[in-house]
Amino acid sequence: MTNAQQLDKGALRTSVRINESKKQPPNDTSAFPDEIAHLEDTRFKLDDAIKQANASVEQIDKEYMASKHYMVQYRGEIDPHEMFQSELALKQIDNRGAFAVKIRDKLLKLLDSPYFARIDFQEASQETPAAFYIGRFAFSHDNELLISDWRSPVASMFYDCEVGPAGYDAPIGRISGKLTRKRQFKIKNGNMEYALESSVNIRDDILQRELSHTSDEKMKSIIATIQKEQNLIIRNEKAGTLIIQGVAGSGKTSIALHRIAYLLYRFKDRLSAKNVAILSPNKVFGDYISNVLPELGEEPIYEMSFEDIARIQLDGVIRFERDKDPFETSDPKWTERVRFKSTLDFVKLMDEYLSRMPDAVFNPSDYTFGRFSAESEWIQSRFAAYHKYPVKRRLQIIAEDIHNRFETDNFMDEPLPKPRAILKSLTTMLKVKNTLALYKDFYKQMNITDKFVMPAKEILEWSDIYPFIYFYAAFEGLQESRAIRHLVIDEMQDYTPVQYAVINILFQCHKTILGDFGQFINPNYLHTLGDLRVLYEGSEFIELNKSYRSTYEIITFAKRIKNIAALEAVERHGDDPSLIYCSNEQEELAQIMENMDSFQNSENVTLGIILKTNGEAKALYDSLSKNYEVHLISPESLNFKNGITITSVQMSKGLEFDEVIIPAANDRTYFSEYDRSLLYIACTRAMHRLSLIYAGELTHLIGP
Ligand SMILES: Nc1ncnc2c1ncn2[C@@H]1O[C@H](COP(=O)(O)OP(=O)(O)OP(=O)(O)O)[C@@H](O)[C@H]1O
């Protein structure tokens, strides 16, 4: 594809696929002259506010330049104290400047699309209703609130209530009354594209219209069409830990990000973006979702993977192999080892060993220094008293205790050993010197030595990493994060109980855990949703069954592969998925290219060609990239781009494409129960169009 074509596609990105949606709301805005006038008035006031904001940014800029100039000019003459004061002042000006720019940027965003809804609410105690316009951010002008933030208490009625009795929870308590009007708008580039007097049905139409857009390089915010069941999750403030099991395309990731934006707004005095992190499966996914929070006016949050965490914790301790693709590794012993370590029972086995471990590894003797002595029984009792700490940390505290005790008795002021020297002696009383030795001992004691293999000296297999960190936590101690106060874990089904056990030690904070056990892709993982719920006993559990991403026809087809009874599609229609037979692999390749050509001539912006494994994706990429501009998403990739992407099922998780092609949809490639999940995941990445291409027998996993 040429660059010009790519650009054209970018321009088409936001086009609406009118043909796809059966019922489209009228584009006529003439029925709402009052709203056109209100929009004009709001934009006029926004313009005014932007002028003021610009003036304020310029003013701060001038102050900054003047201070800087003064400091440079008088550098030699200013005394250090004044210099320090000036630097401090400069920093303050800089902070004020950043804040002013942030305000101006928000106003500029509002100018483009100031609000998406209006509700008229009459409080029970009032004679007349008041109108509230709801937008991305709040906006006041001359002390008058013109736009309410979508996260404000009053805005909750837009998502939760229809015209009639309504109410919301305000800081002062429940406010009851009635909604007398509810309108929805689409305002783009400052123009009203449509306005609607909304009722439940029309809201569905608007949702369909939004869903029928072509996709984008990055995930977008959904504030104008958040559904009631989604809103309940977003605004849930009470749950310490919330587990969301949602079918493919039910909006889990979107909801989790909107929930973060909501919590940042609601608890702005105690929670900032620096206190929130998301654990995501890979960098591409992290990049794909990275725009949602900034679009909602919030700072980006930390994004990390389980591999990142392992690297931080084990830096300088031990090295490890990356995870292998289970579909490309044919070593039954390796498979057995991975499976063994994927269960909740394995965590219980480790707990059993670790509960006895401290007493088994520490056998104190008396510690003496000249006439000073700490008896073994006393050391043992201190060791038991500090049972909440890892073994080596306990020894550090005991060394301090011994030092303090000796000091108390030191009325002759004799030289005493330093705590570090005492610690050295205490450490010699340990039967095991490091975590690796301890970890090996666990396998020996439990009679499961065949379950532990090191690929090379000082290198662990990936499946040993989190168990090893769990042992490290008990023996040496981990670097716990106090900065993170809310952790989001996406694709929850991909992580094993021991990974959660470690996360619970590292991040003792509120969590939003989301995923879909119907999209379980690792055949070597034996854990279940039940195991997760045992690990998070007392957490709130929510299920989402409506899929918003794909057309009704794609979801109906996906159900032929995996019959998830509860899976429900939105009423948005498109073409039936195509099953294309080819007589051999050359013909299959030619068919893929034909589909690629037709994609390039369509209004679609993203095409995903999804193969079963990373290796197969790479091979197809190598053969197609000579003639086409295609992107490969491999485990090493960093970002998601518009155009044609070739990838594996594993890497496509969490992503979506306007159009999806699944090559090799034959019985040799997709045959097992796990392949069923893979095929289901691949199909549910498609928003508007899906084609399965095969040579030989079509996979039998597609039911009638
Ligand atoms: N209320 C909504 N309004 C508009 N679009 C929505 C809504 N809910 C979900 N979507 C859209 O549906 C698509 C799927 O959302 P998302 O990726 O968050 O789902 P998911 O449950 O995490 O999917 P999966 O598990 O399949 O990766 C996205 O394009 C999202 O914007």
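Guide: K392 counts as partly exposed, because 19 C-beta neighbours lie inside 10 Å. Keep in mind that this is a predicted model.

Visitor: What would the cut-off for buried be, then?

Guide: A residue is buried if 20 or more other C-beta atoms lie within 10 Å of its own. K392 has 19, so it is classed as partly exposed.

Visitor: Which helix is K392 found in?

Guide: K392 is in helix α14, which covers residues 391-409.

Visitor: And what does K392 touch, leaving out residues up to four places away in sequence?

Guide: F475, E476 and G477.

Visitor: How far is K392 from E543?

Guide: They are 151 residues apart in sequence, and their C-alpha atoms are 43 Å apart in space.

Visitor: Changing topic. Strand β25: how many of its residues are buried?

Guide: Ten of the ten, over residues 686-695, so β25 is largely enclosed by the rest of the structure.

Visitor: How does β20 run relative to β25, parallel or antiparallel?

Guide: Parallel, with five bridges joining β20 (residues 578-582) to β25. C582 stands opposite A695 in β25.

Visitor: And β24, in which sense does it pair with β25?

Guide: In the parallel sense, over five bridges, with β24 covering residues 657-662. Here F657 stands opposite A686 of β25.

Visitor: On to the ligand. How many residues surround it?

Guide: 23, and the closest are T225, A248, G251, K252 and S254. Helices α5 (200-211) and α7 (252-266) are the elements that give two or more residues to this shell.

Visitor: How does the shell around the ligand divide by class?

Guide: Eleven of its residues are polar, six are nonpolar and six are charged.

Visitor: Last one, α17 and α18. At what angle do they pack?

Guide: About 35 degrees, with the axes 8 Å apart; α17 spans residues 462-475 and α18 spans 497-506. The crossing is left-handed.

Visitor: Which residues make the contact?

Guide: From α17, Y466, P467, I469, Y470 and A473; from α18, V498, Q499, A501, V502 and I505.

Notes. Residues numbered from 1 in each chain as written. Predicted model: local features only at pLDDT ≥ 70, side-chain atom pairs only at ≥ 80, totals over all residues. Axes fitted to C-alpha atoms, helices over the stretch in contact; angles between N-to-C directions. Helix = DSSP H or I, 4+ residues; strand = E, 2+ residues; numbered from the N terminus. Left-handed = near helix turned anticlockwise from the far one by under 90°. Contact = placed C-beta atoms within 7 Å. Near = placed C-beta within 6 Å. Nonpolar A, V, L, I, M, F, W, Y, C, P; charged D, E, K, R; others polar. Buried ≥ 20, exposed ≤ 12 C-beta atoms within 10 Å, placed from the backbone. Pairing = 2+ DSSP bridges.
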